[in-house]
Amino acid sequence: MDKTLKIYIALLVLLIAAIVVIDSNRPKPIDWTPTFSLKDKIPYGMYVFDQEIESLLKGQKIRKFNTTPYEYFDSKFDYDTLVNDYRIKGTFLSISKISNLDAASITEICSFVNHGNNAFISSEMIPNALLDSLNLKMDSEYKYSDSIYNWVANKKLGNQKYKITEGVNNNYFSKIDTLNTTVLGYQNGDSTRVNFIKVNYKSGVFYLHTQPVAFTNFHLLKGNHHEYAEKVLSYIPEGKVFWCTKDQTGEVISDSPMRYILSQPALKWAWYIFLMGMLVFIFFNAKRKQRVVPIIKPLANTTVDFTKTIGNLYYQEGDHNNIIDKKIIYFLEKIRNEYLIDTHKLDDDFIKKLHHKSGKKSEDIQNVVSLIKAYRKNNYISIEDDLLQINNAIEKIMN
């Protein structure tokens with residue numbers, strides 16, 4: 001590692017250390033995420049509501065459940081033909097930013113209310129399936145006002161209007177069934193709109209409210225806003241309250257294998273610094289430390305081409321003896337170099353050794369030896385067929 005690279009890395013480490021120190025001493029910013037989680041103490045969590053629900057619903061027994069309403073209430077239903085009713089009585093309670101009740105749960109809640117019970121749902125968006133069942137419609141004013149007031153319609157609870165602007169929405173009930181519906185509350189932004197109603201449904205009652213932010217930490221602790229929450233909840237009949245807290249307990253577990261490291265600030269920063277250091281190391285070491293070595297192509301082996309050219313020349317001239325001399329010399333030279341066999345005596349010992357080392361047939365070796373001996377004895381070939389015979393015999397051994 002050269003000196004320049006060391007300086008760059010040292011500067012980077014110092015810079016990261018300075019950022020970490022400055023960031024650790026900086027006040028933690030407020031998280032305004034509307035989680036509506038019972039564990040969150042941030043403005044739009046429901047930690048305070050969870051802790052104070054006994055005082056907000058005085059004299060009522062609260063039972064939480066962390067399953068879907070369908071799973072909870074269906075398990076409480078007695079299907080005996082003589083009973084055919086729920087073994088529990090009371091009010092279903094749900095407070096969330098956007099209601100995520102599934103179709104089966106909505107049907108079960110309607111059945112629960114139908115058997116003489118109640119349901120209180122506070123949500124910015126109420127499922128359309130439930131609105132259709134109650135002959136209701138919701139709408140929204142897109143003109144946002146910084147002076148939104150909320151209040152209840154019952155004058156016995158006072159005419160106080162509460163300026164609740166932080167986190168509120170402009171959703172309201174644009175259509176209600178006047179025969180079965182009673183208006184319990186309003187909101188006033190650009191115009192007065194209904195945001196809290198009571199709907200008679202067969203043998204029971206639905207209480208629907210569109211400003212769930214009133215039950216979050218921020219508004220329960222700000223000024224007199226808790227009074228508005230108390231007034232809204234006062235409509236819940238006395239008795240048992242079954243509070244659905246599904247997806248609001250803050251117990252969502254990440255599937256990431258890094259979840260523990262990323263959940264601890266010290267380990268998280270150590271991991272990030274390690275990754276940044278690796279990127280810097282890879283970036284600076286990606287440069288070549290020497291010049292590119294040129295690729296030199298090896299010289300082409302032209303021996304075979306040269307031999308073919310010379311052979312064709314001899315063949316065209318008709319010099320058969322010269323051709324076969326060169327062929328025999330090349331053949332014996334290859335045997336000496338490749339099989340390390342002495343070629344001075346082409347006897348039975350030579351044939352035996354070449355047979356074992358080359359794997360060629362003894363008959364073929366015997367044939368080529370006989371032809372070479374016959375040629376050397378006469379030292380003359382007059383016709384092309386004799387040349388081809390010796391050439392073929394040698395090629396049979398060489399291939």
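**Notes on the model**

1. At 68% relative accessibility, L340 counts as exposed, because the cut-off for that class is over 50%. L340 lies in the loop that runs between α11 (320-339) and α12 (348-358). Its backbone deserves a look: L340 has a positive phi of about 55° although it is not a glycine.

2. The model is a predicted one, and what follows should be read with that in mind. The protein has 399 residues, of which 37% count as buried. There are 14 helices and 13 strands. The accessible surface comes to about 24,700 Å², and carbon and sulfur atoms account for 55% of that surface. Among contacts between residues at least 6 apart in sequence, 65% join residues at least 24 apart.

3. F36 is found in the loop between α1 (3-25) and α2. Is F36 buried or exposed? At 3% relative accessibility F36 counts as buried, whereas L340 counts as exposed.

4. Nine strands make up an open sheet with mixed pairing, and their order is β1-β13-β4-β5-β12-β11-β10-β7-β8. The edges are formed by β1 (61-65) and β8 (162-163), each of which pairs on one side only. Helix α7 packs on this sheet, where it touches β5, β7 (149-152), β8, β11 (192-201) and β12. The direction of α7 makes about 40° with that of β7.

5. Within the sheet, β5 (residues 118-122) and β12 are paired in the parallel sense, over five bridges. A119 has F206 of β12 as its bridge partner. N117 is buried, with a relative accessible area of 1%. Beyond its neighbours within four places in sequence, N117 is in contact with I88, K89, G90, F112, G204 and V205.

6. In soluble globular proteins, nonpolar side chains tend to be buried together. Here the largest nonpolar core has 34 residues, and the members touching the most others are M46, F49, L93, F120, F215, L233 and W243. At least two residues of this core come from each of α2 (47-56), β4 (91-95), β12 (204-209), α7 (225-233) and β13 (240-244). A second, separate core has 29 residues, including V113, L134, V194 and L208.

7. Which residues does M46 contact, apart from its neighbours within four places in sequence? They are F36, S37, L38, D40, I95, F215, N217, W243 and Q248.

8. Helix α2 has V48, F49, D50, I53 and L56 as buried residues. Against what do the buried residues of α2 pack? They pack against β1, β4, α6 (217-221), α7 and β13.

9. The structure holds 26 aromatic pairs. One of them joins F77 and Y86: the ring centres are 4.8 Å apart and the planes stand at 80°, so the pair is edge-to-face. F77 counts as buried, at 10% relative accessibility, and Y86 counts as buried too, at 5%. Ring pairs also link F77 and Y86 into a cluster with F65, Y72, F73, Y79, F92, F112 and F242.

10. Another pair is that of W269 and Y272. The centres of the rings lie 6.3 Å apart and the planes are at 85°, so this pair is edge-to-face. W269 and Y272 are three residues apart in helix α9 (residues 265-285), which means that about one helical turn separates them. An α-helix has 3.6 residues a turn, so residues three or four places apart point the same way. Are W269 and Y272 buried, partly exposed or exposed? W269 counts as partly exposed at 30% relative accessibility, and Y272 counts as partly exposed at 34%.

Terms used:
Residues numbered from 1 in each chain as written. Predicted model: local features only at pLDDT ≥ 70, side-chain atom pairs only at ≥ 80, totals over all residues. Heavy atoms only, no water. Helix = DSSP H or I, 4+ residues; strand = E, 2+ residues; numbered from the N terminus. Buried < 20%, exposed > 50% of the residue type's maximum accessible area, 1.4 Å probe, protein only. Contact = heavy atoms within 4.5 Å. Areas by Shrake-Rupley, 256 points an atom, 1.4 Å probe, with all protein chains shown as cover. Core = buried A, V, L, I, M, F, W, Y, C linked by side-chain atoms within 4.5 Å. Pairing = 2+ DSSP bridges. Axes fitted to C-alpha atoms, helices over the stretch in contact; angles between N-to-C directions. Phe/Tyr/Trp six-rings, centres within 6.5 Å; stacked < 30°, edge-to-face > 60°.
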